[in-house]
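Reader: Please take me through the labels used for this model. I want each one set against its cut-off.

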Amino acid sequence: RYLRVAFLLFWGSFLGSMYLAYASPDFAEQIVGREELLAMDEMHADSIEGRNPQDGSLAAAFYIQHNTGIGLNCFAFGLLLGVGGLIITASNAMVLGTVFGHMVSSPSRDNFFEFVTAHGPFELNAIVVSAAAGMRLGFAIVDTGGLTRAASVRRAAHEALPVMWLAIILFFFAALIEGFLSPSTAPYWIKASVAGISSG
């Protein structure tokens, strides 16, 4: 049930923010900031030019650190009685959805969506999984199921740990794809195929 809650919250916030950002540039600037949006436009103006293996390795290492940090935030804030996880998940979803909505009408639109296609499913759903694991622990403090709070948290930790490992694995593979395949000049059908396989 926590995974379902995290899934609905994340994707509901993401898609809602994406629509609002597409419909209203003012909304996008309020959520993300004008400078950040301009930086996204500039970054993706030439984001599909390929990388040499060394640069790809450095980029993948950065993405592993950065993306796993987002997941750990979602997990850790979930410990605040579960509510913190809801807030940080919705917040991340709003920012990401706003960026996507802004990029729909950006001159760099084609490059952006080609760039995010391959690694997006792993990365975005890893955030959902991280949030669910954190909420499982946080709500265990409130809903103990007749156990002591300590026993309830221990049980929840036992159940949440494999889920958190799954999130880390998803972030890891997302980072490898983002570091090497996403910016490459490989045909789009290959990137779309990877997205389809990882979504399944």
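**Labels and cut-offs**

Author: K191 has a relative accessibility of 0%, so it counts as buried. Buried means under 20% relative accessible area, exposed over 50%, and partly exposed in between (1.4 Å probe, protein chains only). This is a predicted model: local features need pLDDT of at least 70, side-chain atom pairs count only at pLDDT 80 or more, and totals for chains, interfaces and linings use all residues. Residues are numbered from 1 along each chain as its sequence is written, and side-chain values use heavy atoms, with hydrogens and water left out.

Reader: What makes the meeting of E114 and K191 a salt bridge?

Author: The distance does. A salt bridge needs a side-chain nitrogen of Lys or Arg within 4 Å of a carboxyl oxygen of Asp or Glu. The side chains of E114 and K191 meet at 3.1 Å, N to O. That pair therefore qualifies.

Reader: Why is this pair said to tie together parts that are apart in sequence?

Author: E114 lies in helix α6 and K191 in helix α9 (residues 188-199), so the pair joins parts 77 residues apart in sequence. Helices here are DSSP runs (H or I, at least four residues), numbered from the N terminus.

Reader: Is E114 called buried or exposed, and why?

Author: Buried, because its relative accessibility is 19%.

Reader: How many salt bridges does the structure hold?

Author: Four. One of them joins R136 and E159 at 2.6 Å, N to O. R136 sits in helix α7 and E159 in helix α8, 23 residues apart.

Reader: What about R34 and E29?

Author: Their side chains meet in a salt bridge at 3.2 Å, N to O. R34 is partly exposed because its relative accessibility is 47%. E29 is partly exposed too, at 31%.

Reader: Which residues of the largest nonpolar core touch the most other members?

Author: A6, F10, F14, V99, F112 and I127, out of 38 residues. A nonpolar core is a set of buried Ala, Val, Leu, Ile, Met, Phe, Trp, Tyr and Cys residues joined through side-chain atoms within 4.5 Å. Helix α7 gives the most to this core, with nine residues.

Reader: Which residues is V99 in contact with, beyond its neighbours within four places in sequence?

Author: V32, M40 and F112. Contact means heavy atoms within 4.5 Å.

Methods. Helices (H or I, at least four residues) and strands (E, at least two) are DSSP runs, numbered from the N terminus.
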